[in-house]
Amino acid sequence: LKQVTTADIRKKKETGTPITMMTAYDYPSAKLVEEAGVDMILVGDSLGMVVLGYDSTLPVTMEDMIHHTKAVTRAAKRAFVVADLPFLSYHGTLAEAVKNAGRLMQEGLAKAVKMEGGSELAPIITRCVQAGIPVVGHIGLTPQAVHQLGGYKVQGRSLEAAKKMLEEALVIQEAGAFAIVLECVPEEVTAMIASKLEIPVIGIGAGASCDGQVLVFHDLVGYASQLTPKFVKRYAEVGESIRDAVASYVKEVEARSFPAAEHVFHASEDTIKQLYG
Ligand code: KIV
Ligand code: NA
């Protein structure tokens with residue numbers, strides 16, 4: 001079994017082969033995602049919304065991230081697992097940031113961490129890389145800053161904002177990140193940034209002209225996810241299958257048609273005789 005490495009991911013950019021990334025948050029989803037053949041699994045802090053039911057990613061803690069990363073890495077034998085650093089876990093001292101990033105690897109067994117933000121993260125990225133922690137950057141729409149951005153909106157629309165985004169991406173690359181996620185960015189801006197960077201640009205809501213794509217598992221398969229922004233394609237509606245299955249169970253239990261004969265254990269003739277006299 002050949003495990004995906006940062007070198008493989010870099011190589012894909014060089015050869016123009018699209019990189020596939022998908023989120024997963026637990027053992028079964030990670031198992032299915034890996035079996036489907038993705039290169040990279042992201043244990044995103046989106047788990048706060050799609051798995052824990054919060055209305056933003058802000059309440060997600062280090063403990064939440066470690067708990068879910070452990071479950072994912074038990075399933076992922078081949079795919080490269082990246083775990084998100086949650087809100088405020090990398091904004092204190094450098095030592096705290098490196099410690100938290102290290103926990104995602106040492107306890108969660110992730111192979112890299114992702115952090116949201118621009119050039120202000122350069123010292124943290126460099127310190128992590130020096131410690132042997134591969135880093136993925138994340139710019140454009142950064143959901144941990146939703147209250148500052150004033151909502152989940154497309155970023156980098158103006159010429160000024162697009163130029164600033166390129167500058168931020170270059171600083172993140174220079175600091176040592178091995179890849180960068182661009183979220184909710186006009187395709188033309190993403191394409192320009194991807195062409196100027198040596199590291200792979202993985203897009204979500206950032207068009208087709210970058211080095212890879214990432215989507216949230218629950219959005220892609222329609223698993224109790226109401227969220228369907230323009231950039232999501234729903235490839236399945238597993239939520240409907242699950243609801244139908246459970247509704248059938250409820251109906252059959254109420255009608256006493258489940259369990260049926262084939263689901264039932266029986267005592268021996270002897271025991272039955274004695275039990276019933
Ligand atoms: O948490 C997440 O799922 C993410 C992706 C949207 C890139 O950060
Ligand atoms: Na995230």
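Analyst: T23 has L42 as its bridge partner in β2. Strands here are DSSP runs (E, at least two residues), helices are DSSP runs (H or I, at least four residues), and both are numbered from the N terminus. This is a predicted model, in which local features need pLDDT of at least 70 and side-chain atom pairs count only at pLDDT 80 or more, while totals for chains, interfaces and linings use all residues. Residues are numbered from 1 along each chain as its sequence is written, and chains are lettered from A and ligands numbered from 1 in the order in which they are written.

User: Which helix lies between β1 and β2, and what is the hand of the crossover?

Analyst: Helix α2 (residues 27-35) carries the chain from β1 to β2, in a right-handed β-α-β crossover. Right-handed means that, with the strands pointing away from the viewer, the path from the first strand over the helix to the second runs clockwise.

User: And what does β2 do with β3?

Analyst: β2 also pairs with strand β3 (residues 80-84), in the parallel sense and over four bridges. There, V43 has A83 as its bridge partner in β3.

User: Are the faces of β2 buried or exposed?

Analyst: Both faces of β2 (residues 40-43) are covered, with M40 and L42 buried on one side and I41 and V43 buried on the other. A residue is buried if 20 or more other C-beta atoms lie within 10 Å of its own, exposed if 12 or fewer, and partly exposed in between, with C-beta atoms placed from the backbone.

User: Which residues have the most contacts inside the largest nonpolar core?

Analyst: That core has 72 residues, and those with the most contacts inside it are M40, I41, V43, V81, V82, V113 and I180. A nonpolar core is a set of buried Ala, Val, Leu, Ile, Met, Phe, Trp, Tyr and Cys residues joined through C-beta atoms within 7 Å.

User: What is V82 in contact with?

Analyst: Setting aside neighbours within four places in sequence, V82 is in contact with M40, L42, A110, K111, A112, V113, K114 and V136. Contact requires C-beta atoms, placed from the backbone, within 7 Å.

User: Stepping back, how is the whole chain laid out?

Analyst: The protein chain has twelve helices and eight strands. Its C-alpha trace spans about 85 × 40 × 35 Å along the principal axes, and 41% of its 277 residues count as buried. The domain assignment, which is automatic or from a database, gives domain 1 (6-236) and domain 2 (241-276). The C-alpha centres of these two domains lie 46 Å apart.

User: How many residues of α11 are buried?

Analyst: The count is zero among its 17 residues, so α11 is hardly covered by the burial criterion. Helix α11 (residues 238-254) reaches 24 Å from its first C-alpha to its last, close to the 24 Å expected at 1.5 Å a residue. The expected span is 1.5 Å times one less than the number of residues.

User: What is the backbone like after α11?

Analyst: R256 follows α11 and has a positive phi, near 55°. R256 sits in the loop between α11 and α12, and it counts as exposed because it has 8 C-beta neighbours inside 10 Å. P259 is in the loop between α11 and α12 (269-276), and the peptide bond from F258 to P259 is cis, with omega near -5°.

User: Why are those worth a second look?

Analyst: Most residues other than glycine have a negative phi, and most peptide bonds are trans.

User: And C184, is it buried or exposed?

Analyst: C184 is buried, because 23 other C-beta atoms lie within 10 Å. Although not a glycine, C184 has a positive phi of about 55°. Its place is in the loop between β6 (179-183) and α9 (187-196).

User: Last one: what does C210 touch?

Analyst: Not counting residues up to four places away in sequence, C210 touches L182, T190, A191, A194, V201, I202 and G203. C210 lies in the loop between β7 (201-204) and β8 (212-215), and it counts as buried because it has 26 C-beta neighbours inside 10 Å.

Methods. Contact = placed C-beta atoms within 7 Å. Pairing = 2+ DSSP bridges.
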